Amino acid sequence: MESESKASPRIVKLGMSMTENVWRNARIDVGASCLFSLFNVVMNQFYIAFAIQQGASNFQVGLLSAAPAIGLLFSPFWAAWIEKANNPKPFVIIPNVIGRLLLLLPAFFAFPSVYVVAALLFQLLMGIQAPAYAALISRMYPSDLRGRLMGYVRVAMGSIMIPLAYFVGSWSDAFGPSGPLITASIAGMLSIGLFNTLKIPKQEPKEKPVVLQKASRFPLQEQWKLVKENRTLAVFLAATTFAGFGNMLANPLYQIIQADILDLSNLQIGFARVAYYAALLLTFLIAGWMIDRIDIKYTLLCGIAAYAIVPMLYGLWGTYAAVITGNAIQGIGEAIWDIGILAFVFRLAPGREAMVFGLHLMLFGIRGSIGPILSGTLADSVSLTVLLVIASICGWIGTLLFLSGNWKRNPLLRRS
């Protein structure tokens, strides 16, 4: 991508100099992301609430919250295959086609068990596409534009998701979840169809770095070797493990508090999601600008700290106002984790994005599987406030780890 960008004629769009192919991919990415907005709102913001309203138990809520992490447990193995294939695009497209059709199952069979099975199958497929997407993005956009372009794409998506959150809440309150689920599945299919038209430049197979010349039959051995030889990467993984575990421990508790304790309607939940998307949108703009211009550690520190603040708000405050505020801060954190971690991996391990990102996702899979199932199981016997304070403490440990480990400026993470 870098060599192609330098050789091709350049144009100026959105205040950035880029090739025609990069601009074409950016427009396709925006269009596909906007189509994906409805699927995103339904699957990531209302799906668990729908399941609770259909009678899901606290344990099933824990499984639903853990589903994204369970799906990522095998990401390192997929990452090794993706890297060998040297073409990540099919690993993004095919799992998404199958996965988005799965949303039809709970639409037609409205049982809590169907919600759980569909979510688990969907997230197992997303465990294939996640490391492939990291590798694909590195070919779609050059490094000096990547942060801003990813931010702009997500701002466009977030702008649509704000009214959609209100619309889906009102629609499901009036007619139930089946309509939103079916429409989301259709929109998701249209989105991935458009995304498939991206043009990705072909790349010659890269020679592996000297330290990695001896390929391991077991993918994890090679990935852990990368960690041992890179202190910055090790600190990052330790910090995100603690903060991410706290976030996942608290995640099902947020849903339980909203739907059971506060007895919020889908419309009230929709207003909370509006706050989430407004903060998400604004953060994508600010974080994308920051990533391309200043040391990325400052951006990531804000994102990690956000995961410590949200459970503290729910645990110590616990009102609808805390839900609104917590959703906004959660939006800040998730925007930074979305584009910030991708940018971190691109700068720290160029050419090894899928491998390193796959390891990060596997660790997310471990903590994200244990956390929600643990809190969902304990929610019936342990105070929600106690569980949320523990989650917050985990987040603050991760924040302090990242802060102490990145106190000295790392030249690898400067704007390149």
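Where is the place of serine 33? You'll find serine 33 in helix 2, which covers residues 20-53.

## Before you start

What you're looking at is a predicted model, where local features need pLDDT of at least 70, side-chain atom pairs count only at pLDDT 80 or more, and totals for chains, interfaces and linings use all residues. Residues are numbered from 1 along each chain as its sequence is written, and side-chain values use heavy atoms, with hydrogens and water left out.

Helices here are DSSP runs (H or I, at least four residues), numbered from the N terminus. Serine 33 has a relative accessible area of 11%, so it is buried; that word means under 20%, while exposed means over 50% and partly exposed is in between (1.4 Å probe, protein chains only). Setting aside neighbours within four places in sequence, serine 33 is in contact (heavy atoms within 4.5 Å) with Val153 and Met157.

With a relative accessible area of 10%, asparagine 40 is buried. Not counting residues up to four places away in sequence, asparagine 40 touches Gln45, Met157, Met161 and Tyr277.

## Helix 7 and its kink

Now for helix 7, residues 112-140. Its 29 residues reach 39 Å from the first C-alpha to the last, close to the 42 Å expected at 1.5 Å a residue; that expected span is 1.5 Å times one less than the number of residues. Along the way there's a kink of about 30 degrees at glycine 127, shortly before proline 131. The bend is the angle between axes fitted to the seven residues ending at a residue and the seven starting there.

Helix 7 is mostly covered, with 24 of its 29 residues buried. Take glutamine 129, which lies in this helix: its relative accessibility is 15%, so it counts as buried. Beyond its neighbours within four places in sequence, glutamine 129 is in contact with Phe91, Val92, Pro95 and Asn96.

## One salt bridge

How many salt bridges does a search of the whole structure find? It finds 1, with a salt bridge being a side-chain nitrogen of Lys or Arg within 4 Å of a carboxyl oxygen of Asp or Glu. The side chains of aspartate 338 and arginine 154 meet in a salt bridge at 2.9 Å, N to O. Aspartate 338 sits in helix 14 (residues 320-348) and arginine 154 in helix 8 (residues 143-175), so the pair ties together parts 184 residues apart in sequence.

Aspartate 338 counts as partly exposed at 27% relative accessibility, whereas arginine 154, at 6%, counts as buried.

## A nonpolar patch on the surface

Phe242, Met312, Leu316, Val389, Ile393, Trp396, Ile397 and Leu401 make up a nonpolar surface patch, with about 650 Å² of accessible area together. The elements giving two or more residues to the patch are helix 13 (296-316) and helix 16 (384-405). Helix 16 gives the most, with 5 residues. Leucine 401 is in helix 16, and at 31% relative accessibility it counts as partly exposed.

Patch members have over 30% relative accessible area and no salt bridge; like charges are joined within 9 Å, and nonpolar side chains (Val, Leu, Ile, Met, Phe, Trp, Tyr) within 5 Å. Accessible areas come from the Shrake-Rupley method with a 1.4 Å probe, and for residues only the protein chains shown count as cover.
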